[in-house]
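This briefing describes a single protein chain, shown below with its sequence and coordinates. The points are grouped by topic.

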Amino acid sequence: MDKMKKVKIKICGITNPREAEYLNEARVDYAGFVFHEKSKRNIEIAKSKEIFKELNHDIKKIAVMVSPDAEKVRMLQQEGFDILQIHGNLSAEALEEAEVPVWAAVNITDRALLEEKLKGFDGLPKELSGKIAGIVVDSAEYGSGKPFLWEEDRWQSGFFSGRKFILAGGLHAGNVQEGIRIFSPDVVDVSSGVEECIKGCTGKNKNRIKEFTGKVRSYEQ
């Protein structure tokens, strides 16, 4: 039997202290907070700081942004975030300002587009590319709750130049084990897949988080 691989878990789009309790009980690794006005999971900094107080100290806090300028990067990392996750345009100015690890999110339709993006990151000056600690592979439309086209092609960590591989986009308890089987990621990233969908899929659901984390942890690589 192959050695079991411990895949870490990120729950994204946290919006209230009650959800922090769910994450604590589920012993997840990362909590994502979205700072993007167009997102229904957008949160104010003051509110995120309230939630921080409820989170276990070993859960890393991630600020999720879209095409931020240097000032926004500076402002959010001063609030105590452990990681900056950046979608859209990842500018050299934003990277220069970053003092904590950056996860660069790539919204893709196929592997060729991902390869093109990765070459762009690796083409940056070493002092900037070295700040990109992880690659979030997401569906073409951020926050859509839909997966990109999954192919029977394992994208091992080495494909990402030693960076963490974070699998996102449309994950839920029913498909996360298949995603792990195909891609062998370092981290699985879920948002809408653990939400309560009675009133427009807003708010995390304790039982769905429990089911999702259980599926991840029971999978044997």
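**A buried phenylalanine and its surroundings**

Phe 33 counts as buried because its relative accessibility is 0% (buried means under 20% relative accessible area, exposed over 50%, partly exposed in between, with a 1.4 Å probe and protein chains only). The model is a predicted one, in which local features need pLDDT of at least 70 and side-chain atom pairs count only at pLDDT 80 or more, while totals for chains, interfaces and linings use all residues. Residues are numbered from 1 along each chain as its sequence is written, and side-chain values use heavy atoms, with hydrogens and water left out.

**Barrel and packed helices**

- Eight strands form a closed barrel in the order 1-2-3-4-5-6-7-8, with parallel pairing; the average twist from one strand to the next is 25°.
- Helices (H or I, at least four residues) and strands (E, at least two) are DSSP runs numbered from the N terminus, and two strands pair if DSSP finds at least two bridges between them.
- Strands of a sheet pair through backbone hydrogen bonds, either parallel or antiparallel.
- Strand 4 and strand 5 (residues 102-107) run parallel and are joined by 3 bridges.
- Opposite Ala 104 in strand 5 stands Ile 86.
- Helix 2 (residues 45-52) lies across strand 2 and strand 3 (60-66), and runs at about 165° to strand 2.
- Helix 3 also packs on the sheet, where it touches strand 2, strand 3 and strand 4, and its direction makes about 160° with that of strand 3.
- For these angles, axes are lines fitted to C-alpha atoms, for helices over the stretch in contact, and angles run from 0 to 180 degrees between N-to-C directions.

**Aromatic pairs**

- The whole structure contains 7 aromatic pairs, where rings of Phe, Tyr and Trp (its six-membered ring) pair if their centres lie within 6.5 Å; planes under 30 degrees apart count as stacked, over 60 as edge-to-face and the rest as tilted.
- Phe 33 and Phe 81 make an edge-to-face pair, with 6.0 Å centre to centre and 70° between the planes.
- This pair links distant parts of the chain, 48 residues apart: Phe 33 belongs to strand 2 (residues 30-35), and Phe 81 to the loop between helix 3 (70-77) and strand 4 (83-87).
- Phe 81 is likewise classed as buried because its relative accessibility is 3%.
- Ring pairs join Phe 33, Phe 35, Phe 52 and Phe 81 into a cluster.
- Over the face of Phe 52 lies Lys 61, at 5.0 Å from the ring centre; a charge sits over a ring if NZ of Lys or CZ of Arg is within 6 Å of the ring centre and within 35 degrees of the ring normal.

**Nonpolar cores**

- The largest nonpolar core has 57 residues, of which Leu 23, Phe 33, Ile 135, Val 188 and Phe 212 touch the most other members.
- A second, separate core of 12 residues includes Tyr 30, Val 34, Trp 103 and Ile 166.
- A nonpolar core is a set of buried Ala, Val, Leu, Ile, Met, Phe, Trp, Tyr and Cys residues joined through side-chain atoms within 4.5 Å.
- In soluble globular proteins, nonpolar side chains tend to be buried together.
- Not counting residues up to four places away in sequence, Phe 33 touches, among others, Ile 14, Ile 43, Ile 51, Leu 55, Lys 61 and Val 64; contact means heavy atoms within 4.5 Å.

- Ile 209 is placed in helix 8 and is buried because its relative accessibility is 1%.
- Residues up to four places away in sequence aside, Ile 209 touches Tyr 22, Leu 23, Ala 26, Val 194 and Lys 204.
- A separation of 9.2 Å lies between the C-alpha atoms of Ile 209 and Val 190, which are 19 residues apart along the chain.
- Asn 205 is in the loop between strand 8 (187-190) and helix 8 (206-218), and is buried because its relative accessible area is 15%.
- Leaving aside neighbours within four places in sequence, Asn 205 is in contact with Tyr 22, Val 194, Glu 195 and Glu 196.

**Positive phi values**

- Most residues other than glycine have a negative phi, and most peptide bonds are trans.
- Arg 27, not a glycine, has a positive phi of about 55°; Arg 27 is found in the loop between helix 1 (17-26) and strand 2, and is exposed because its relative accessibility is 56%.
- Ser 67, also a residue other than glycine, has a positive phi near 45°.
- Ser 67 is in the loop between strand 3 and helix 3, and is partly exposed because its relative accessible area is 38%.
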